[in-house]
Amino acid sequence: MALLSQQQSDRAYFEEVATRAGLDFQHFNTPVQCVDDLARDPAAIVIADASSAQLYSAFENCVSDKLGLYSALVNPNNYFFVGSQPLHQLTYLHNSQIFGSYLQRNYNADDQDFMGALFQRFSAESAFAVEKYFSPLAKQQVTKIKKSSEKANIVEALKEYLIRWGMNSRATGLIANAADELLMNAIYAAPADALGKPLHGNTPRNTPLDMDSEHEIEFKLVHDENRIAFSVTDLYGSLDRSKLMQFIAKSYRAEDYKVKTNVPGAGLGMGEVFAHSGGMLYSWEPGVRTEAMVFYRKSHSFKEFREQFRFLSTFAVSM
């Protein structure tokens, strides 16, 4: 693991995370030092301070000059950017060619084990399977979805389970809405033909649909005592990282945002899901499958829920 940051607190924090992930740790103060190390070890996990456009640009320019932005030596899966601001404020990351993940700097010691599991999975080039981010003792439940009409029952069952688990009631509603959104995307947005053309691009989101046996959707719920997550897996693999960033990076609290009434299913969408999550991870193999995962810390108050550590990670399997 290579850390590019001049903040001493980052060094202490991520050195401990590396230890928990079982990864070697190196610290660099300048982009040149960091990218020179990347040239020697392109598979290394990189954590770079991107708190300002200047810091990000210095790293990107160095990658471009020394490696080439589209070089086989550059793997966005392994690049984690760190900042103190919400992602939607960091506009210079939204169109980045090397963006892979963003870690908002409101994490604490309680998040180090989870973050260690995140880096461990990415360094092993296997980000699939939400249960792998929990201990083997975590509880999990898997549901196969064959009809769009089954979505409502799953969302309602999730809401009831969260209340029994002890999650804040207001947060419970937002988590249930997030599950509804991801299931909706898997049912209506993910299906595509062999050329990648959406099959239901103009289909109203209340249209009943059946999934064939080769394209069943999987909903998985996993939790331990302190953290809960769900994932939705489709068998199309039609996700596009740049389009995902366009949706998630928006600030839906901005006054100039308006819900589009002429687009089937348009609404607050993924930006709202991310804004109220404890982290989102998208892993996909183009043309094969996509697993969308959303994580939450157990919160007894809405303030605690709102202020939890938040991250966005994307992992694309090379074709």
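**Sheet, helix packing and selected residues in a predicted model**

Strand β3 is covered on both faces: Val46 and Ala48 on one side, and Ile47 and Asp49 on the other, are all buried (buried means under 20% relative accessible area, exposed over 50%, and partly exposed in between, with a 1.4 Å probe and protein chains only). In a regular strand the side chains alternate between the two faces of the sheet. The structure is a predicted model, in which local features need pLDDT of at least 70 and side-chain atom pairs count only at pLDDT 80 or more, while totals for chains, interfaces and linings use all residues. Residues are numbered from 1 along each chain as its sequence is written, and side-chain values use heavy atoms, with hydrogens and water left out. Helices (H or I, at least four residues) and strands (E, at least two) are DSSP runs, numbered from the N terminus.

Strand β3 is joined to β1 by 3 bridges, and the two run parallel; two strands pair if DSSP finds at least two bridges between them. The bridge partner of Leu3 in β3 is Ile47. Strand β3 is also joined to β4, by 4 bridges, again with the strands running parallel. Here Val46 stands opposite Tyr79 of β4.

These strands belong to an open sheet of 11 strands with mixed pairing, in the order β2-β1-β3-β4-β5-β11-β9-β10-β8-β7-β6. The edges are formed by β2 (26–28) and β6 (139–145); each has a single partner strand, so one side of each is left without a neighbour in the sheet. On average, neighbouring strands of this sheet are turned by 15 degrees against each other, direction ignored. Axes are lines fitted to C-alpha atoms, for helices over the stretch in contact, and angles run from 0 to 180 degrees between N-to-C directions. Elsewhere in the sheet, β9 (residues 280–285) and β11 (residues 311–316) run parallel and are joined by 5 bridges. Met280 stands opposite Leu312 in β11.

Two helices lie across part of the sheet. Helix α1 (residues 8–21) lies across β1 (2–4), β2, β3 (46–49), β4 (79–83) and β5 (101–104), and runs at about 165 degrees to β1. Helix α2 (residues 31–40) lies across β1, β2, β3 and β4, at about 140 degrees to β2.

Two packed helices are described by the angle between their axes and the distance between the axes. The axes of α1 and helix α5 (residues 112–123) come within 8 Å and cross at roughly 65 degrees. This crossing of α1 and α5 is right-handed (a crossing is left-handed if the near helix is turned anticlockwise from the far one by less than a right angle, and right-handed if clockwise). Tyr13, Phe14, Glu16, Val17, Arg20 and Ala21 of α1 make the contact with Gln112, Asp113, Met115, Gly116, Phe119 and Gln120 of α5, where contact means heavy atoms within 4.5 Å. By class, the contact of α1 with α5 has 6 nonpolar, 3 polar and 3 charged residues. Ala, Val, Leu, Ile, Met, Phe, Trp, Tyr, Cys and Pro count as nonpolar, Asp, Glu, Lys and Arg as charged, and the others, Gly among them, as polar.

Helix α6 (residues 151–165) and helix α7 (residues 169–189) pack at an angle of about 155 degrees, with their axes 9 Å apart. The two helices are therefore roughly antiparallel to each other (angles under 35 degrees count as roughly parallel, over 145 as roughly antiparallel, 65 to 115 as roughly perpendicular and the rest as oblique). Helix α6 passes α7 in a right-handed crossing. On the α6 side, Lys151, Ile154, Val155, Leu158, Lys159, Leu162 and Ile163 meet Thr172, Ile175, Ala176, Ala179, Asp180, Leu183, Met184 and Ile187 in α7. This contact of α6 with α7 has 11 nonpolar, 1 polar and 3 charged residues.

Several single residues were also examined. Ser283 has its place in strand β9 and is buried, with a relative accessible area of 0%. Apart from its neighbours within four places in sequence, Ser283 is in contact with Ala127, Phe128, Arg289, Thr290, Glu291, Met293 and Phe315.

Most residues other than glycine have a negative phi, and most peptide bonds are trans. Glu125, although not a glycine, has a positive phi of about 55 degrees, and Ala129, also not a glycine, has a positive phi of about 80 degrees. Glu125 lies in the loop between α5 and β6, and Ala129 is found in the loop between α5 and β6 as well. Glu125 counts as exposed at 54% relative accessibility, whereas Ala129 is buried at 16%.
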